[in-house]
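User: I would like to learn how to read a few features of this model. Please take them one at a time.
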Amino acid sequence: MQNQNILKAQNPRVNIKNITISTILLSVLLVIGSLVYTPYVLLMGLVAIVSGVAVEYVFVKVRKQPYAFNAGALDTPLLIVLLMPPQLPLYMVIVGTVFGVFFGKMIFGGLGRNIFHPAMMAYLFLLVTFPIAVGANFIDPINGNIVESINLTDATFFGTSEQFFNLLLGRYPNSIGSTFVLGVWVVGAVLLFLRAVDWKIPLTILLTTALATAILGNYYPGQFSDGFVALFQGQLLFISLFVATDPVTAPRTTKARIYYGIGIALITVIIRGLANASEGIVYAVIIMNAVGPMFEPVEQIEKGE
Amino acid sequence: MIEFSNIFEMIIAAVFVSNIILSFYLGIDHQLFIEKKHTMINKRVLVILIVLPLSSMISFVIQQSLLIEIDALGEIVRDLTYFRTITFIVVIILVNYIILGLLSKFFSNQFKNLQNDFKGVLPSTIVLGSVIVITSSVTTLLESVLLSLVVVFGYAFVLNILKFIENQLEMKVVPKSFQGLPLQLIILSIMALIFSGFGG
Amino acid sequence: MKTTTTKQFISESMTQSITNNNPVFIMMLSIAPVLALTNDLALSIIAGINVLVILVVAFLIKRGLLSKVPEQLNIIVNILLVATLVSISELVLQVYDLAMYDAIGIYLPLTAVSGMILTQTNSKALDKDTFKNALIKVATQGISFLVTLILIAIIRSILTTGAVRLFGLQMRVFDVAYSFTLIDSPFGAFLILSLLMALFRNLTNRGAKS
């Protein structure tokens, strides 16, 4: 308890209760992921958590400071794993987590002080370093085949409701956390219900994405998919619910958050449309992490910090 | 070199893909990076904004007319390109001196403290490096001016974002050995990753 | 005042230049060439030697021929002197190995710019020293730049391909299958330099210099 008090005193952006709730729910998603795919997923999660905590511990100890273990240390590794394809080699998990936690979080001063979202940084790093293993090596949940692209570009995709239900129930390949769409919805709803995350951000992102895709799809029919389909492409849902809502890296004021959501959505849509890259949203979040605070007055550094 | 075939591509190339800081590593002047206020930074960039196009123009003209000469058959008649470095440096010094002199005369209250910059802007690698990059990427005089303007814009763009991000950090919690330039380099590394991916 | 022998002075200067006054990690000069050239060990060596030679020759010329330069012209003289030397070095490299010259590109003159800065700061500081001591100081500066460049280049080389390559010789540290091309990119350059700088500051206890 004392640890948490230390944290809270130092860090107004960090709400331990919310972080703990998020962490628990993310683990639920991980377990679901292991049911959809294989228990190897749990091993990935475990390895990521251990590496993440190890990095934090070593970092803090080298600076001769007390280490306050908290749910925040579990948050990032879980997110990273949930964004990965289900059979990623363990060493990649470790490298990604170490990079994300060290350069995305600890360097800037630890929990609550980071500018860029550490899971997104880890994801970007892994995408660039191991493009095939991380970006093109998904598994079809039904028959275990290796699938290269998770783009739902078929315009008649939602022709039948059966296909839609298949999507919800996790029959279409995607990253570990995003496959079982129904699960993402439920967990997201729980988080929103518990007020652990701000609903405005995911809502803004999804609305803007649908609108932008529909409008741009009118002008460039080949490049953009249907507005509704776009909502379910790749990691958009997952990221808008669990990553973009991170209170440390998102702006504080409502107005700025809305701009944040709009920005993420627009950048994602543009990158997806012009470059046909499903990693658009990763770039979008990182860019908006940096730029988002532009929309709100400079936050006052409190005394004693 | 910065490659482009039309003005749109030039802007994308100079600002994103081949950004002068993020791809060419130029302009990482230690003094500039310590500066905390946006206004001071932008003042220095303003000086570069005037100096660079002028220097590029003059250097380009000199390069085309004096250093290289290709006759009607396409053969190189005169090749004095080894004078390039000295010539460019001399041009830059002169332009710098004149511009700074003019600026401190007419806008003395704003540019007073830039008098010492004569030693500051010149050794900074950006002006010399940019002039060389620009003159080897363009084929007409107009292009040299345009490209230099866009390059400065790209430089200012990255610099301002860097300062913006830095201002959000609380330096006290950052490990001491990382404070200052190392942290800025890390932020730059992330920006480099993003900008280069953007170009694709 | 303690009188030191030349040998002691040399070693003292050397350690000073490499640790407390390291031109790259502490003085943070010429970051651009460091970032750009440490991809390739050969280029780093060439650039380092270039700076060393220019520094020493500039110093000798200044001391020998141009020692009576009035204060105001000092800057101009230094700049022109170093610029000339740089042009000569460019020519020499062009003749010696054109491929390397093209690879170094714009960074050769830029390493010399940092040489300019050093020469400039040296002008005032070294006037009082004896010829021998000043020469040693200048030389150690150049050598420490060279050594630092080599160090960074070796580390980057090992992290990128697992081996250190130099003029056809190769020293392999990691497995052949190891490949981490990101370190070659600007991202890797900034990252490695940042880490090394922080590590260096930590080890030499120079701390933060914001």
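User: In which helix of chain B is the place of Ile132(B)?

Analyst: First, the conventions. The model is predicted, so local features need pLDDT of at least 70 and side-chain atom pairs count only at pLDDT 80 or more, while totals for chains, interfaces and linings use all residues. Residues are numbered from 1 along each chain as its sequence is written, and chains are lettered from A and ligands numbered from 1 in the order in which they are written. Helices (H or I, at least four residues) and strands (E, at least two) are DSSP runs numbered from the N terminus. Ile132(B) sits in helix H7 of chain B.

User: Does Ile132(B) count as buried or exposed?

Analyst: A residue is buried if 20 or more other C-beta atoms, placed from the backbone, lie within 10 Å of its own, exposed if 12 or fewer, and partly exposed in between. Ile132(B) is buried, because it has 24 C-beta neighbours inside 10 Å. For contrast in class, Asn133(C), in helix H7 (residues 131-161) of chain C, is partly exposed, with 16 other C-beta atoms within 10 Å.

User: With which residues is Ile132(B) in contact, leaving aside its neighbours within four places in sequence?

Analyst: Two residues are in contact if their C-beta atoms, placed from the backbone, lie within 7 Å. On that basis Ile132(B) is in contact with Phe88(B) and Ile106(C).

User: How many residues of chain B are in contact with chain C?

Analyst: 34 residues of chain B meet 34 residues of chain C. On the chain B side, helices H2 (30-34), H4 (84-106), H7 (125-135) and H9 (181-198) each supply at least two residues. H9(B) has the largest share, eight residues. By class, this side of chain B has 23 nonpolar, nine polar and two charged residues; Ala, Val, Leu, Ile, Met, Phe, Trp, Tyr, Cys and Pro count as nonpolar, Asp, Glu, Lys and Arg as charged, and the others, Gly among them, as polar.

User: Which residues have the most contacts inside the largest nonpolar core?

Analyst: In soluble globular proteins, nonpolar side chains tend to be buried together. A nonpolar core is a set of buried Ala, Val, Leu, Ile, Met, Phe, Trp, Tyr and Cys residues joined through C-beta atoms within 7 Å. The largest one here has 185 residues, and those with the most contacts inside it are Val81(A), Met120(A), Tyr123(A), Val285(A), Ile286(A), Phe190(C) and Leu193(C). H9(B) gives the most to this core, with 11 residues. Not counting residues up to four places away in sequence, Tyr123(A) touches Ile80(A), Leu83(A) and Val282(A).

User: At what angle do H4 and H6 of chain A pack?

Analyst: Two packed helices are described by the angle between their axes and the distance between the axes. Axes are lines fitted to C-alpha atoms, for helices over the stretch in contact, and angles run from 0 to 180 degrees between N-to-C directions. Helix H4 (residues 72-82) and helix H6 (residues 118-129) of chain A pack at about 40°, with axes 9 Å apart. H4(A) and H6(A) are therefore oblique to each other; angles under 35 degrees count as roughly parallel, over 145 as roughly antiparallel, 65 to 115 as roughly perpendicular and the rest as oblique. Thr76(A), Leu79(A) and Ile80(A) of H4(A) make the contact with Pro118(A), Ala119(A), Ala122(A) and Tyr123(A) of H6(A).
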